[in-house]
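Good morning, everyone. Please have a look at the sequence and the model before I start.

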Amino acid sequence: MRNLHPSAILLLLPAIGFAAPYIQILSPKPHQVIQRTGYLPNQSIEHAIGGRHLGRAMVPLSFRAPACSGDFAYRIISKEKFQAPNQPWIAFLAKKANELWESEIEIPAGGWYRLELRCATSTLAIESAVEPIGVGEVFLIAGQSNAGGYSDGRMLIDDPQQRVVAYNIKTGEWAVANDPQPNVGPGGTIWPPMCNALVSVLDVPIGMVNVAVDSTSSSQWLPGENLFPLLAEAARTIRQFRAVLWQQGESDVIRKTTTIDYVAHMKTIRTALENEAGVRAPWLLAKSTFHPTVYDDPVHEAQIRDAIDILWKTSGFLPGPDTDILGGSNRGGPHSRRHFTAEGQKHAGLMWFAVVWSELFCEQSRLSSGVTTALRFN
């Protein structure tokens with residue numbers, strides 16, 4: 001065998017009982033979106049002086065490479081044109097922990113991309129790839145059924161490149177975010193309409209992790225209760241995200257939660273999540289107290305709405321949409337899922353789009369809080 005070319009030796013290895021050298025990429029995963037930093041709205045326009053700048057991310061990289069001792073390199077190839085230009089390889093350093101190599105590599109905002117890895121041994125170069133991956137905006141979503149999958153219409157992602165994805169906590173995989181969404185109920189959600197509008201103007205991929213649970217009150221999300229670990233696990237898993245989108249309040253109306261208690265609950269949950277996951281991100285709170293086929297209780301609805309008014313002016317929180325204005329044909333009747341109709345889902349999603357877009361792009365913050373700046377520019 002000493003006269004054989006290395007590539008021929010690779011073909012013979014399985015036959016003589018040896019495993020062929022390989023690189024197994026564990027992270028990032030196919031369809032994963034990593035939160036960008038350094039996004040400057042004024043530099044994101046098509047004809048920005050000095051060129052368009054959408055931000056970047058330091059992407060955590062984890063892989064197995066049993067035959068490699070170092071000499072790693074990577075390159076990214078845009079999938080937009082479905083062809084591989086002559087991209088240069090970029091060397092990077094990796095640390096080995098047990099059987100895994102770990103590193104961080106810089107990738108500009110955008111995608112979809114194909115990420116290729118290579119290592120050089122004494123006799124050959126071993127290569128592997130993962131695709132598609134993206135660098136863009138990531139949102140952690142929580143609350144109750146109007147945030148989860150309990151509305152009438154199953155919404156679809158209409159971006160031609162399918163650049164809106166959702167994370168499945170049980171499988172650890174990312175997939176295109178068509179309803180039904182992972183982790184939540186079997187019906188439709190308001191999030192594809194929001195993201196369809198958002199991806200078309202941001203021009204970067206969007207990732208969502210939705211852990212909403214139906215019929216839950218704010219007290220059930222407090223640290224020490226059974227839902228907080230779900231929220232914390234999601235935050236730790238995705239590591240970085242732009243904001244928490246919170247659509248909840250109906251169960252607190254039913255429980256007649258006071259304004260003071262609701263404010264205290266939300267402050268406690270936000271602080272505990274920041275401490276647990278080590279991620280400082282603002283919470284956008286919707287006003288979501290109206291449930292017309294379940295109760296008619298304007299007094300206790302007003303208590304939660306007053307609480308959210310207070311929180312909107314509190315550091316760490318930002319205004320979400322007031323979806324309580326959506327009545328009539330936006331709401332399902334007794335013979336439906338009793339939540340948003342398909343029409344209502346589209347309208348609620350567009351209201352969320354308007355809020356997120358405003359916070360991401362507006363030059364002047366609607367609040368004087370430094371947290372708003374963090375939302376737009378971190």
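First, the ground rules. This is a predicted model, where local features need pLDDT of at least 70, side-chain atom pairs count only at pLDDT 80 or more, and totals for chains, interfaces and linings use all residues. Residues are numbered from 1 along each chain as its sequence is written, and side-chain values use heavy atoms, with hydrogens and water left out.

Now the helix. Helices (H or I, at least four residues) and strands (E, at least two) are DSSP runs, numbered from the N terminus. Helix H2 covers residues 191-202, twelve residues. From first C-alpha to last, H2 reaches 16 Å. That is close to the 16 Å expected at 1.5 Å a residue; the expected span is 1.5 Å times one less than the number of residues.

Buried means under 20% relative accessible area, exposed over 50%, partly exposed in between, with a 1.4 Å probe and protein chains only. Among the buried ones are Trp 191, Met 194, Leu 198 and Leu 202.

What covers them? The cover includes strands S9 (125-143), S10 (164-168), S12 (206-210) and S13 (243-247), plus helix H7 (342-361). After H2 comes Asp 203, with a positive phi near 60 degrees.

Next, the rings. Rings of Phe, Tyr and Trp (its six-membered ring) pair if their centres lie within 6.5 Å; planes under 30 degrees apart count as stacked, over 60 as edge-to-face, the rest as tilted. The structure holds eleven such pairs.

Take Phe 72 and Phe 92. They are stacked, 5.8 Å centre to centre, with 25 degrees between the planes. Phe 72 lies in strand S4 (residues 72-78) and Phe 92 in strand S5 (residues 90-92), so the pair ties together parts 20 residues apart in sequence.

Phe 72 also pairs with Trp 101, edge-to-face, at 4.9 Å and 70 degrees. Trp 101 sits in strand S7 (residues 100-108), 29 residues apart from Phe 72. Phe 72 is buried at 4% relative accessible area, and Trp 101 is buried at 7%.

Which residues make up the cluster? Phe 63, Phe 72, Tyr 74, Phe 92 and Trp 101 form one aromatic cluster.

Last, the charges. A charge sits over a ring if NZ of Lys or CZ of Arg is within 6 Å of the ring centre and within 35 degrees of the ring normal. Arg 36 lies over the face of Tyr 39, 3.9 Å from the ring centre. Arg 270 lies over the face of Phe 317, at 5.9 Å.

Methods: Contact = heavy atoms within 4.5 Å.
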